[in-house]
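Here's a quick briefing to read with the model open beside you. Have a look at the fold, then come back for the details.

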Amino acid sequence: MSETTDKLINALRGAVNEVMGTMAWCEAIAAGEKVVNSLILDDEVGGMIHVGGDVSAMVGISCNKRIAAELCSRIVGLPAEELNDEDLLDGVAELANMICGAMKSKAAVGHLDLSSPAAIVGQQFQAQWKTLHKTHILAFELEGERFCVHLSA
């Protein structure tokens, strides 16, 4: 693993804890990490942001719809059962944006540009970033549910 990738991973760990603690009022408990050959999001909810500038990377988030709705509810201040599909897409995109923004400020790896976030919600989808880079998956437990952050750099 390169020094830059190591810095981005450490920054993401801190970013998830910061965003979940300050914006969603929940504790993110580290629940394991692994490295896979490609960045594939295939849970019920996903968000992705491309990182450019001095680094070329992709950051993704994935989780089930229940925890996504709960997190979005806390962020926007509406009951989870009142969120419609557009609210959920906006909330997931904003969550990905907040995590990447916090990563950018913590990473200290030079100039980073973040793309606009993309969000996906559905029962059966698969989103993949075509790259030769390995993907590091950081798993967290939030309120008993799994939440993953994917970094391919």
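Predicted model: local features only at pLDDT ≥ 70, side-chain atom pairs only at ≥ 80, totals over all residues.

Residues are numbered from 1 along each chain as its sequence is written, and side-chain values use heavy atoms, with hydrogens and water left out.

**Helix packing**
- Helix α2 (residues 65–76) packs on helix α3 (residues 85–107) at about 80°, axes 9 Å apart.
- That makes α2 roughly perpendicular to α3 (the label covers 65 to 115 degrees).
- In contact (heavy atoms within 4.5 Å) are K65, A68, A69, L71, C72 and I75 from α2, plus D85, L88, G91, V92, L95 and M98 from α3.

**Helix α1**
- Helix α1 (residues 3–23) runs for 21 residues and spans 29 Å from first C-alpha to last, close to the 30 Å expected at 1.5 Å a residue.
- Its buried residues (under 20% relative accessible area, 1.4 Å probe, protein chains only) include L8, L12, V16 and M20.
- After α1 comes W25, with a positive phi near 50°.

**V55**
- V55 sits in the loop between β3 (45–53) and β4 (57–63).
- V55 counts as buried because its relative accessibility is 9%.
- Beyond neighbours within four places in sequence, V55 touches T4, L8, V109, H111 and L112.

**Annotation**
- An unreviewed UniProt entry places "domain: Chemotaxis phosphatase CheX-like" at residues 45–140.
- Residues 45–140 are 36% helix and 33% strand, with end C-alpha atoms 15 Å apart.

How values were computed
Axes fitted to C-alpha atoms, helices over the stretch in contact; angles between N-to-C directions. Helix = DSSP H or I, 4+ residues; strand = E, 2+ residues; numbered from the N terminus. Parallel < 35°, antiparallel > 145°, perpendicular 65-115°, else oblique. Expected span 1.5 Å × (residues − 1). Buried < 20%, exposed > 50% of the residue type's maximum accessible area, 1.4 Å probe, protein only. UniProt positions renumbered as here; feature names shortened; annotations may be inferred.
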